[in-house]
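Visitor: I'm new to reading protein structures. Could you walk me through a strand and some aromatic rings?

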Amino acid sequence: MLVMEFSTSDLARLRFAISPLLELWMSIGALQCGSAPIHQPWIIETREKVRDLDLGMLYALRPPRGITPDFIHPPPTSPLMELDDELERMLATPQERVSTDLELSYGSSLPPALKAFDSNPREALVALAETVRVYWAQAIAPHWDRIFSLLESDVLQRARQQAAGGVCTLFDDIHTTVRFSEQRLEIDKPWDCSRTLDGQGLLLVPSVFIWPHVAVIEEKPWQPTLIYPAHGAALLWEPPPSPSEALVALMGPRRAAVLEVLDVPRSTAELSRLLEIPAGSVSQHLTVLRNAGLVTRRRMGQVVLYRRSRKGDQLES
C-alpha cells in the first residue's frame, strides 16, 4: 500500500490538470497490452495506422508491468498543458535525473531499445521526443478533441464534488483502490511506501487510457501526482445517444440531441465537439431550452455548464 500524508497546506493545494503527454503514455500502455475492451475500436484502428512506426523505445519506456520512469512525462505545471510545452520540459530533464529514473525502473540492465540512453542520453531524449510527436499525430491527434472534452468534463464534475462535499467526497469514487480518511490517502499497490507531501499538495490528472487502473508519481523531486480513470471513459468510442423519435418530432433533431446528452454538465464547446454542431448553433439551442425550463445554467470559474433540469429529465424520459 502507498500512503500519502496530507497537511492542511497540502489539502489547500489539491488541484487538477489535463496532460496530453500523460494521456499519450497511457495510450501506449493500452496499445501494447491490447486487452482493454473499452478501447478495442481505437486499438484496432491505431495498430493499423502505426504498423510502420518503430515503437520499440515507447513500449520499453511504458512496460505493461513494473515501474515507468517519470522523466518521460513530467507532472503538468498548469491546468491545461500543450504537448509541445510538455515535451520541452521532458527534453530539459537533467541527465542525472534521467539516469536515476531509468535505474529505478530497470536496475543496471536496460532493455535493448533503450541502450542509447547509456551511450548518448541527450541524443536519445531528442529521438524520443521526435517519435512521440509522430505517434501523437497518427494515434492521438485525430481523436484529441473528443478525448479532451471527456477529460474536461471529468475535471469540472469533480470540482463540483469537492466544492459540495469536500475532499472525502472527491475521493469516494476516484477508484476502488483509493481511500481517503483523516488526511491520509491510501492506494493499494503491490509494495509498501509512506510519504508526506511536504506542502506540494497532490495533482490529480484524469485519463481515458489508464482504465481500469490508477498510476502514481511519488518519487522525489517530482510533484506528487495521481492519474485516474476519467468518468465516461467506457463510452468514449461510442456514438452519442440518439434521442427518441417523439422528442425529435417535438423539437427537431439537433435540439433533441443537445437535450439528450445533457445528463451530465457540459459546456457549449464540449457540446459542439461531441455533437459536431457549430458553437453558435449550440448556443441558440441552449437559449431556447433554458427559456423553456428544460436545462439549467451554472458558472464554474470561467466555464459555463449546462445540464438538464428536472423538467428536462421528465421530458427526455
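This is a predicted model: local features need pLDDT of at least 70, side-chain atom pairs count only at pLDDT 80 or more; totals for chains, interfaces and linings use all residues.

Visitor: Which other strand is joined to E6, and by how many bridges?

Guide: That's strand E2 (residues 15-16), also parallel to E6, with 2 bridges. Here Arg-15 has Leu-203 of E6 as its bridge partner.

Visitor: Are the residues of E6 buried or exposed?

Guide: Buried: 5 of the 5 residues in E6 (203-207) are. Check each face in turn: Leu-203, Val-205 and Ser-207 sit on one side, Leu-204 and Pro-206 on the other, and both sides are covered.

Visitor: Now the rings. How many aromatic pairs does the structure hold?

Guide: There are 7. To read one, check the distance between centres and the angle between planes. Trp-42 and Phe-209 are 4.5 Å apart centre to centre, with 50° between the planes, a tilted pair. This pair links distant parts of the chain, 167 residues apart: Trp-42 belongs to helix H3 (residues 40-49), while Phe-209 is in the loop between E6 and strand E7 (215-217). Both Trp-42 and Phe-209 are buried.

Visitor: What about Trp-144 and Phe-148?

Guide: Tilted again, at 6.1 Å centre to centre and 55° between the planes. Trp-144 and Phe-148 are about one helical turn apart because 4 residues separate them in helix H9 (residues 144-172). Both are buried.

Visitor: Which residues form an aromatic cluster?

Guide: Phe-6, Phe-171 and Phe-180 form one.

Methods:
Residues are numbered from 1 along each chain as its sequence is written. Side-chain values use heavy atoms; hydrogens and water are left out. Buried means under 20% relative accessible area, exposed over 50%, partly exposed in between (1.4 Å probe, protein chains only). Two strands pair if DSSP finds at least two bridges between them. Rings of Phe, Tyr and Trp (its six-membered ring) pair if their centres lie within 6.5 Å; planes under 30 degrees apart count as stacked, over 60 as edge-to-face and the rest as tilted.
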